[in-house]
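Reader: I've got a protein model open and I'm a bit lost. Can you show me how to read it?

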Amino acid sequence: FRNIRRHLPFTVKYRLDHFNIYVDRQSGDMTYFNHADFVFHDTVKRSYDWIESATFRKTPAGWKMNLLHLTAREPVASAPAIRYDTIRYIKDHYDKRVNLFKTEALTQGKIVFLGNSLTEFGDWKALLGDPSAINRGIAGDNTFGVLDRLDEVIAHRPGKLIIEIGVNDIMQGIPVPIIVNNIHTIVERVKAKSPETMIYVISLLPTNDNVKTDYPEIYGKNGVVNDVDQRLRENAGEKSYVYIDLDASVRDKQGKLGANYAMPDGLHLNKAGYAVWIKLLRAKKYL
């Protein structure tokens, strides 16, 4: 809840019912159902259900709660076995960026960088020495968000499209096969509508231990990052994109994001990290 509230303010209403209560002279206990309706940005609603139990004891100062326990209620048989959320982490920022993109002049045949915060925070015009480079990064975005806004990118008929996306999906618990399939769908949609575009897919990057302070939801998930990267690497030929292993260039000996390439949050790249990114693109003659 703390993490969700930081990125996506919400209100919540609880409904408690089906109470079973027992009380004697010195103690008490009860069980009940708790149904919660969360509303994000006044429009997006999510509902959750718990079975809760509590015990109480009588003290000289009065009745005090001794224990409160919550257990998620089992979903109904028709519900999916795996549940995850595709809500954008920073919806206001997502909407602001998408609206900004719509106001920019439509130029075609240029290099476009498409992705999340790692892309948005890159000053690609300066890094490439190319004032025509187009930045289509949105901090907090995931593969679902990219698919939603992909038509605007395709309209530019990029000469080269560099895709970097997926870490926010991992943060949200989206299964690896769905992340990879979404990235493949991005590639397929671009190829179908802009067949002349050269498509490059950047590997997901690991994090280091500093990430657990600001982004605890991604801490300890470098193994998942490796899984996504392996699948993207293996499918590059079949799906007709170029896989770029930036991961290998910024990892330390422990397989974590090297501190010399990372911001203090352990997730984002610093200037040295972006310099490695550009150096790799130039060395492979992708620019």
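Here we talk through a sheet, a surface patch and some backbone angles.

Author: Quick ground rules: this is a predicted model, so local features need pLDDT of at least 70, side-chain atom pairs count only at pLDDT 80 or more, and totals for chains, interfaces and linings use all residues. Residues are numbered from 1 along each chain as its sequence is written, and side-chain values use heavy atoms, leaving out hydrogens and water.

Reader: What order do the strands of the open sheet have?

Author: Strands (E, at least two residues) and helices (H or I, at least four) are DSSP runs, numbered from the N terminus. Two strands pair if DSSP finds at least two bridges between them. Here 5 strands make an open sheet in the order β6-β5-β7-β8-β9, with parallel pairing. At the edges stand β6 (134-137) and β9 (242-244), each with a single partner strand, so one side of each has no neighbour in the sheet.

Reader: Which residues stand opposite each other?

Author: Take β5 (residues 111-115), joined to β6 by 4 bridges: G115 stands opposite G137 in β6. β7 and β8 also pair over 4 bridges, with K160 opposite M198 in β8. Between β8 and β9 there are 3 bridges, and V201 stands opposite Y243 in β9.

Reader: Is β8 mostly covered or uncovered?

Author: Buried means under 20% relative accessible area, exposed over 50%, and partly exposed in between (1.4 Å probe, protein chains only). In β8, 4 of the 5 residues are buried, so by that definition the strand is mostly covered.

Reader: Which residues make the nonpolar surface patch?

Author: Patches take residues with over 30% relative accessible area and no salt bridge; like charges are joined within 9 Å, nonpolar side chains (Val, Leu, Ile, Met, Phe, Trp, Tyr) within 5 Å. A salt bridge is a side-chain nitrogen of Lys or Arg within 4 Å of a carboxyl oxygen of Asp or Glu. Areas come from the Shrake-Rupley method. Y14, L16, F19, I21, V23 and W63 make a patch of about 630 Å². Strand β1 (residues 10-23) gives the most, with 5 residues. V23 sits in β1 and counts as exposed because its relative accessibility is 54%.

Reader: What about phi?

Author: Most residues other than glycine have a negative phi. S240, not a glycine, has a positive phi of about 65°; S240 lies in the loop between α10 (222-239) and β9. K285 isn't a glycine either, yet its phi is positive, about 60°. K285 follows α12 (271-283) and is exposed at 69%.

Notes: Accessible areas come from the Shrake-Rupley method with a 1.4 Å probe; for residues, only the protein chains shown count as cover.
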